[in-house]
Amino acid sequence: MIERLAVIGVGLIGGSLARALKSAETVGEVIGCGRSRENLELALELGVIDGFSCDPAEAVRDADMVFIAVPLGAIARVFERIRGQLSEAAVVTDGGSVKGSVVADAKRVFGEIPPWLVPGHPIAGTEHNGVASSFPELYRHRRVILTPLAQTDADARARVRAMWEQTGAEVTEMSVAHHDEVLAATSHLPHMLAFGLVDALSRMRSNDEIFRYAAGGFRDFTRIASSSPEMWRDICLANADALSTMLARFGAEMGKLSETIRREDGETLLRIFERARAARDRYVDGVGAEGDGSSRADKTPD
Ligand SMILES: NC(=O)C1=CN([C@@H]2O[C@H](COP(=O)(O)OP(=O)(O)OC[C@H]3O[C@@H](n4cnc5c(N)ncnc54)[C@H](O)[C@@H]3O)[C@@H](O)[C@H]2O)C=CC1
Ligand SMILES: O=C(O)C(=O)Cc1ccc(O)cc1
């Protein structure tokens with residue numbers, strides 16, 4: 001049971017965690033914190049939080065669990081504001097999509113990796129942002145990755161794991177570097193493809209016509225291009241090495257595919273598409289049988 005949860009950044013990710021723990025009845029009080037007073041008032045009205053402060057130092061006072069869910073570029077500033085303000089019992093975790101930058105920010109601000117910091121990342125979300133888009137089932141049957149370090153306190157790690165399990169998530173652990181490489185391939189690269197495709201098409205002449213005749217495949221493939229630009233700018237900057245390596249590899253693959261098409265090599269095309277279909281059917285549909293969990297339409301009805 002968490003007595004007092006401080007959520008810094010009450011948007012889709014922070015709001016959904018607060019809602020999930022409230023519906024599981026495993027949290028006493030939730031204190032929200034963010035830049036905008038209007039957003040926090042809305043969160044209060046929606047019953048996502050029980051009180052708020054615009055000052056992180058005040059929000060974390062007496063909290064036994066602190067969840068940071070702001071864009072990656074804002075995390076260092078939050079660390080600076082909460083330094084020296086945490087209670088003895090406090091554990092701090094986050095939901096940032098890249099872990100190397102969070103750990104580097106922590107080292108810079110605190111001078112070392114604090115034992116009470118458990119970096120984390122829920123592999124669940126949608127293309128919508130803001131507290132109004134948050135919902136309690138977001139993490140149900142989804143994975144959460146924790147990337148504890150050698151310095152991380154065992155009790156802190158267990159408490160963060162228990163919190164995520166209370167939301168219905170399945171918790172796994174891996175190293176920071178491995179996390180950032182895996183996510184560059186499975187999440188960050190696909191977002192770049194969607195943003196890149198829509199941007200390229202929108203700058204072509206007659207783009208109105210292109211979009212008017214777009215079929216379902218285009219809609220499915222580009223849903224994530226409606227995601228928050230600020231959040232994705234920060235993810236790219238935070239995971240620049242792993243992501244640019246993946247983009248270069250993928251660019252080379254696209255070059256080969258283009259050559260195969262130009263040669264009119266139907267046999268090779270068939271082999272590629274069969275291999276891809278088998279891989280997708282095996283991994284993606286096998287894991288998320290009830291939907292990919294990434295769209296509001298997949299959510300369990302309230
Ligand atoms: N959207 C998604 O699908 C997923 C996002 N994440 C990660 O979760 C974090 C939050 O993302 P979302 O909840 O989607 O974003 P969001 O835009 O819905 O919420 C972010 C909140 O942080 C607040 N904020 C922004 N800058 C701030 C600052 N300097 N100080 C205090 N508050 C500030 C905003 O006002 C907003 O309420 C990001 O780090 C993102 O990488 C992780 C998994 C999935
Ligand atoms: O909307 C989707 O399908 C997503 O992939 C959401 C998402 C965005 C960022 C993450 O770090 C994790 C999940």
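Residues are numbered from 1 along each chain as its sequence is written, while chains are lettered from A and ligands numbered from 1 in the order in which they are written. Because the model is predicted, local features need pLDDT of at least 70 and side-chain atom pairs count only at pLDDT 80 or more, whereas totals for chains, interfaces and linings use all residues.

To start with the overall build, the protein chain contains 12 helices and nine strands (DSSP runs numbered from the N terminus, with H or I over at least four residues for helices and E over at least two for strands). Its C-alpha trace spans about 65 × 40 × 35 Å along the principal axes.

The domain assignment, which is automatic or from a database, gives domain 1 (2–174) and domain 2 (179–298). Their centres, taken over C-alpha atoms, are separated by 29 Å. Across the boundary, 20 residues of domain 1 are in contact with 20 residues of domain 2 (C-beta atoms, placed from the backbone, within 7 Å). On the domain 1 side, the touching residues comprise six nonpolar, 11 polar and three charged; here Ala, Val, Leu, Ile, Met, Phe, Trp, Tyr, Cys and Pro count as nonpolar, Asp, Glu, Lys and Arg as charged, and the others, Gly among them, as polar.

Turning to the strands, an open sheet of mixed pairing runs in the order β7-β8-β9 (a pair requires at least two DSSP bridges). Since β7 (120–122) and β9 (170–173) are at the edges with a single partner strand each, one side of each has no neighbour in the sheet. β7 pairs with β8 (residues 143–146) in the antiparallel sense over three bridges, and His121 has Ile145 in β8 as its bridge partner.

As for the ligand, 29 residues surround ligand 1, the closest being Gly9, Gly11, Ala74, Gly125 and Asn129 (C-beta atom, placed from the backbone, within 6 Å). Two or more residues each come from α1 (12–24), α4 (75–82) and α10 (229–238), with α1 giving the largest share, three residues. By class, the shell holds 13 nonpolar, 14 polar and two charged residues. Both domain 1 and domain 2 give residues to this shell, so ligand 1 lies between them.

Key. Two residues are in contact if their C-beta atoms, placed from the backbone, lie within 7 Å.
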